[in-house]
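Dear colleague,

I am handing over the structure below, and my notes on it follow. Please read them alongside the model.

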Amino acid sequence: LKSKLKEAGFGGIIGTWLEEDSGGKNYAASYTWKIEDRVIEVRTKDPNNESVALMAVNASNGQIFQAGADKQGASSLGEWKLDVDGSAVLSLIVTGGDGGQFPLGIRHKMIGQDKMQVTIQLPEPIRMTLVRKNKK
């Protein structure tokens, strides 16, 4: 996984990211190695929800996949598509706590080393800028 991310200019995703305008109060995400170079834990938090997912590579086809769940009972399964320009799209199928399913796309674009533009691809897209949390 590490080599695929680095090759696509997305190796800098590891760390904690805060929504810039609110200092992380409206949205925060962290990407942490759980198995060095192979599995990343993705945690997100907003005022209404929290989620945890794992990102890894399917060894048989090279696909980067992600599987996760949130505190409201929803689950998600999807695939990352990486571009050499430092952008990545996570295409998910989300299953709500009620069993209903819907597709969801989330575009990520690295802007230098400490900023990332995220667009949740809805009929009315949600765009936010995340900044890397300073290590203290």
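Is tryptophan 80 buried or exposed? Tryptophan 80 has a relative accessible area of 4% and is therefore buried, where buried means under 20% relative accessible area, exposed over 50% and partly exposed in between, with a 1.4 Å probe and protein chains only.

This is a predicted model, in which local features need pLDDT of at least 70 and side-chain atom pairs count only at pLDDT 80 or more, while totals for chains, interfaces and linings use all residues. Residues are numbered from 1 along each chain as its sequence is written, and side-chain values use heavy atoms, with hydrogens and water left out.

A search of the whole structure gives one aromatic pair (rings of Phe, Tyr and Trp, the last by its six-membered ring, with centres within 6.5 Å; planes under 30 degrees apart are stacked, over 60 edge-to-face and the rest tilted). The ring centres of phenylalanine 10 and tryptophan 80 are 6.2 Å apart with planes at 50°, so the pair is tilted. Because phenylalanine 10 lies in the loop between α1 (2-7) and β1 (15-19) and tryptophan 80 in strand β6 (residues 75-82), the pair ties together parts that are 70 residues apart in sequence (helices are DSSP runs of H or I with at least four residues, strands runs of E with at least two, numbered from the N terminus). Phenylalanine 10 also counts as buried, at 1% relative accessibility.

Turning to strand pairing (at least two DSSP bridges between two strands), β8 (residues 101-111) and β9 (residues 115-121) run antiparallel and are joined by seven bridges, with histidine 108 partnered by valine 118.

Best regards
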